[in-house]
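Hello,

Here is the structure I promised to pass on to you. Please have a look at it first, and then read my notes below.

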Amino acid sequence: MTKYLISFPSGAMVIPDGDLQAVSDASHTVVQEAKDAGVWVFGGGIDESVPPVMVDGDGTVTAGTYPQTTQLEGGYAVLELPSHEAALEWAAKLAVACRCAQEVRAFGYDPAS
């Protein structure tokens, strides 16, 4: 089975005033459905109040991140699924719940993970 990253940037979520609880409830329902189906691996949102840092091999910590990832934020789910088609189906469920399109990426196979 392949692990898939299903994600969206926080700016993609446009929630009308008063609908935040409904969106939260809908997304938690899909998460529970994925858990019940045995495909849920991990998920959550990036805490945008905690700035990223880079850690070098010698332990040196530097504020910031790679230029390519300065916009890494939003919500993420990792699901282990039997096919790309199944990943697209779960992404559609999350898109409805979160009210925004979801990006789907497959993790490369690593026999040690």
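**Notes on the model**

Arg99 lies in the loop between α2 and β6 (103-106), where helices (H or I, at least four residues) and strands (E, at least two) are DSSP runs numbered from the N terminus. This is a predicted model, in which local features need pLDDT of at least 70 and side-chain atom pairs count only at pLDDT 80 or more, while totals for chains, interfaces and linings use all residues. Residues are numbered from 1 along each chain as its sequence is written, and side-chain values use heavy atoms, with hydrogens and water left out.

Back to Arg99: although Arg99 is not a glycine, its phi is positive, at about 60 degrees. Most residues other than glycine have a negative phi. Arg99 counts as partly exposed because its relative accessibility is 39%; on this scale buried means under 20% relative accessible area, exposed over 50%, and partly exposed in between (1.4 Å probe, protein chains only).

**The overall picture**

The chain has 2 helices and 6 strands, and along the sequence they follow the pattern β-α-β-β-β-β-α-β. Along the principal axes, the C-alpha atoms fill a box of roughly 45 × 40 × 20 Å. Of the 113 residues in the chain, 25% are buried. The accessible surface comes to about 7600 Å², and carbon and sulfur atoms account for 58% of that surface (Shrake-Rupley method with a 1.4 Å probe; for residues, only the protein chains shown count as cover).

Contacts here mean heavy atoms within 4.5 Å. Among contacts between residues at least 6 apart in sequence, 79% join residues at least 24 apart.

**The core**

Which residues have the most contacts inside the largest nonpolar core? They are Ile6, Val39, Leu79, Leu81 and Trp90, in a core of 14 residues. β1 (2-8), α1 (20-37), β5 (75-81) and α2 (84-98) each supply at least two residues of this core, and α2 gives the largest share, with 6 residues. By nonpolar core I mean a set of buried Ala, Val, Leu, Ile, Met, Phe, Trp, Tyr and Cys residues joined through side-chain atoms within 4.5 Å. In soluble globular proteins, nonpolar side chains tend to be buried together.

Beyond its neighbours within four places in sequence, Leu81 is in contact with Met1, Thr2, Tyr4, Val39, Ala86, Ala87 and Trp90. Trp90 also has a charge over its ring: the charged end of Lys93 sits there, 4.2 Å from the ring centre (the criterion is NZ of Lys or CZ of Arg within 6 Å of the ring centre and within 35 degrees of the ring normal).

**The cysteines**

I also looked at Cys98 and Cys100. A search of the whole structure finds 0 disulfides, a disulfide being a pair of cysteine sulfur atoms within 2.5 Å. Cys98 is in no disulfide, and the nearest cysteine sulfur, that of Cys100, is 5.5 Å away.

Cys98 counts as buried because its relative accessibility is 7%, and Cys100 counts as buried because its own is 8%. Cys100 is found in the loop between α2 and β6. Leaving aside neighbours within four places in sequence, Cys100 is in contact with Phe8, Ala12, Met13 and Ala95. Cys100 and Ser7 are 93 residues apart in sequence, yet 9.9 Å apart in space, C-alpha to C-alpha.

Ser27, in helix α1, touches this region too: leaving aside neighbours within four places in sequence, Ser27 is in contact with Ala97 and Cys98. Ser27 counts as buried because its relative accessibility is 15%.

**Two more positions**

Thr69 is in the loop between β4 (61-63) and β5, and is partly exposed at 29% relative accessibility. From Thr69 to Pro52 there are 17 residues in sequence and 9.9 Å in space, C-alpha to C-alpha.

Gly108 is in the segment after β6. Gly108 counts as exposed because its relative accessibility is 68%. Gly108 and Leu94 are 14 residues apart in sequence and 22 Å apart in space, C-alpha to C-alpha.

Best wishes
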